[in-house]
Amino acid sequence: MDAKIVENYEYAKGLYSQHGIDVDQVLNKLADIKISLHCWQGDDVRGFLFRDKALGGGIAVTGSYPGRAGTPGELRQDLEKALSLIPGKHKVNLHAIYADTEEKVDLDQLEPRHFQSWVDWAREQGLGLDFNPTCFSHPKAEDGFTLSHPDRKIRDFWIAHGQASRRIAEYFGKELGQTCVTNFWIPDGYKDTPVDRLSPRRRLKEALDEIFREAIDPRYNIDAVESKLFGIGSESYVVGSHEFYMGYAMSAGKALCLDAGHFHPTEVISNKISSVLMFVDQLLLHVSRPVRWDSDHVVVMDDELLEIARELVRGELLSRTHVGLDFFDGSINHVAAWVIGTRNTIKALLRAMLEPVERLKAAELDKDYTTRLALTEEFKSYPFGAVWDYYCARSGVPVREQWLSEVQAYERDVLLKR
Ligand SMILES: C[C@H](O)[C@H](O)[C@@H](O)C(=O)CO
Ligand SMILES: [Mn+2]
């Protein structure tokens, strides 16, 4: 390792240790945290099952940066590249439309074998897999309703898809020896103010109950439910609102998914984590970045990211929280987007772990808000960057922006030749 990196690390370690922070221990803890990288950043949420179908569900990708993955093999190659530039061992999050099969199979007929290549690859790479049923970009979702659809036949199709998804997830968990988190995001909603808000919610609850009827060992799969305030075309009403899923997760024993972009513009998920985890056992985060709306920009080191990380660290809530990413930016290199967003998320956790939490809590309890503010502010310029550089070097991944030239070479040699 570069001597300067070690020297800087030792200097930083000395400063942190004056506040009782054991930096070596922090890095060991950090190495245990798995981030779930969402496969859909790699191809602008297109998937492989219905390639001619436009992106639906009220979400949108803008930008036409060249080189996006067009086959499962390309997507895996790109993920490998990204993962080689990110410290730690992580998970990959698949949507059902990313099945790797030559068969013409619809969503309600999907089986674990349609994902065998993903499982083999994940095992080879030492990765875990997470999963999502895909309730959008499909002819049976075109009128904006799936699991809450008034037509029983359409509902049954989506229920069968949900059930199939859980069996696939169970297979992932069994085969890979890591629990799969299956996240249910249902885009159903109305563009304009509905007359009847209640009936779709009743139908959605009943449909979810049917999907979850089959008991699955939580060692293999746990289910999460994700709310949303609005989408494109569902501006006035989303069936699966925050209150709906908070209630559902609590009463049905499911994990709750908080997506950073799914609330009012001034509402932040960092302030929800401690409340939610009082009443649900497990949390799934979709770390994202809303810019004026649920725009799914690449995660940057902003105040909210840091505050999310602090909540998890200060409350010792990481063991009950699954950290997933959810952004899709088609205007920049797709591999770079993963690298930037994931490195930032890990770096934010590191920064949060390098704070004198006990001292700050004690100051707060003593009503010594001056010390609380002074220390919080001073720690913003403590040399966490030196610790991060050392962690990257020790993990065998590029230090600082050195990863960028690797992505640029990959773009030239691989992505632009597609
Ligand atoms: C593709 C994902 O399932 C999707 O982004 C969902 O999680 C969401 O956040 C929709 O806005
Ligand atoms: Mn999400």
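Why is strand E6 (residues 221-226) largely enclosed by the rest of the structure? The points below take this up, then move to the chain as a whole and to several local features. The model is a predicted one.

1. Strand E6. Six of the six residues of strand E6 are buried, so the strand is largely enclosed by the rest of the structure. The cover is on both faces: Asn221, Asp223 and Val225 are buried on one side, and Ile222, Ala224 and Glu226 are buried on the other. In a regular strand the side chains alternate between the two faces of the sheet.

2. Partners of E6. Strand E4 (residues 180-185) runs parallel to E6 and is joined to E6 by six bridges. In this pairing Asn183 stands opposite Ala224. Strand E8 (residues 255-259) also pairs with E6 in the parallel sense, over three bridges. Here Glu226 has Cys257 of E8 as its bridge partner.

3. Ligand 1. The residues around ligand 1 are Trp40, Val45, Ile59, His95, Asn132, Trp185, Glu226, Lys228, Asp259, His286, Asp294 and Asp326. By class, this shell holds five charged, four nonpolar and three polar residues. Glu226 is among the residues around the ligand, and Glu226 is also one of the buried residues of E6.

4. The whole chain. The protein chain has 14 helices and twelve strands. Its radius of gyration is 22 Å, close to the 22 Å that the globule rule gives for 418 residues, so the chain is as compact as a globular protein of that length. Along the principal axes, the C-alpha atoms fill a box of roughly 65 × 55 × 40 Å.

5. Burial and contacts. Of the 418 residues in the protein chain, 49% are buried. Among contacts between residues at least 6 apart in sequence, 81% join residues at least 24 apart.

6. The largest nonpolar core. This core has 116 residues, of which Ala255, Leu256, Val339, Leu350 and Val387 touch the most other members. Helix H10 (residues 334-353) supplies the largest share of the core, with twelve residues. Leaving aside residues up to four places away in sequence, Val339 touches Ala82, Leu85, Ile86, Trp403 and Val407. In soluble globular proteins, nonpolar side chains tend to be buried together.

7. The E10-E11 hairpin. E10 and E11 pair in the antiparallel sense over two bridges. They form a hairpin with one residue between them, and Arg292 in the turn has a positive phi of about 70°. Across the pair, Arg289 stands opposite His297 in E11.

8. Pro290. This residue is in strand E10 (residues 289-291). Pro290 counts as partly exposed because it has 19 C-beta neighbours inside 10 Å, while a buried residue needs 20 or more. Its contacts, not counting residues up to four places away in sequence, are Ala260, Gly261 and Ser295.

9. His297. This residue lies in strand E11 (residues 293-297). With 18 other C-beta atoms within 10 Å, His297 is partly exposed. Beyond its neighbours within four places in sequence, His297 is in contact with Arg289, Val291, Phe327 and Asp329. For one of these, Phe327, the C-alpha to C-alpha distance from His297 is 5.6 Å, although the two are 30 residues apart in sequence.

10. Two loop residues with positive phi. Ser137 is in the loop between strand E3 (128-132) and helix H5 (152-176). Its phi is near 55°, a positive value in a residue other than glycine. Lys367 lies in the loop between helix H11 (357-365) and helix H12 (369-379). Phi of Lys367 is near 60°, again a positive value in a residue other than glycine.

11. Which of the labels buried or exposed applies to Ser137, and which to Lys367? Ser137 has 20 C-beta neighbours inside 10 Å and therefore counts as buried. Lys367 has 8 such neighbours and therefore counts as exposed.

Technical notes: Residues are numbered from 1 along each chain as its sequence is written. Chains are lettered from A and ligands numbered from 1 in the order in which they are written. This is a predicted model: local features need pLDDT of at least 70, side-chain atom pairs count only at pLDDT 80 or more; totals for chains, interfaces and linings use all residues. A residue is near a molecule or strand if its C-beta atom, placed from the backbone, lies within 6 Å of it. Ala, Val, Leu, Ile, Met, Phe, Trp, Tyr, Cys and Pro count as nonpolar, Asp, Glu, Lys and Arg as charged, and the others, Gly among them, as polar. A residue is buried if 20 or more other C-beta atoms lie within 10 Å of its own, exposed if 12 or fewer, and partly exposed in between; C-beta atoms are placed from the backbone. Helices (H or I, at least four residues) and strands (E, at least two) are DSSP runs, numbered from the N terminus. Two strands pair if DSSP finds at least two bridges between them. The radius of gyration is taken over C-alpha atoms; the globule rule is 2.2 Å times the number of residues to the power 0.38. Two residues are in contact if their C-beta atoms, placed from the backbone, lie within 7 Å. A nonpolar core is a set of buried Ala, Val, Leu, Ile, Met, Phe, Trp, Tyr and Cys residues joined through C-beta atoms within 7 Å.
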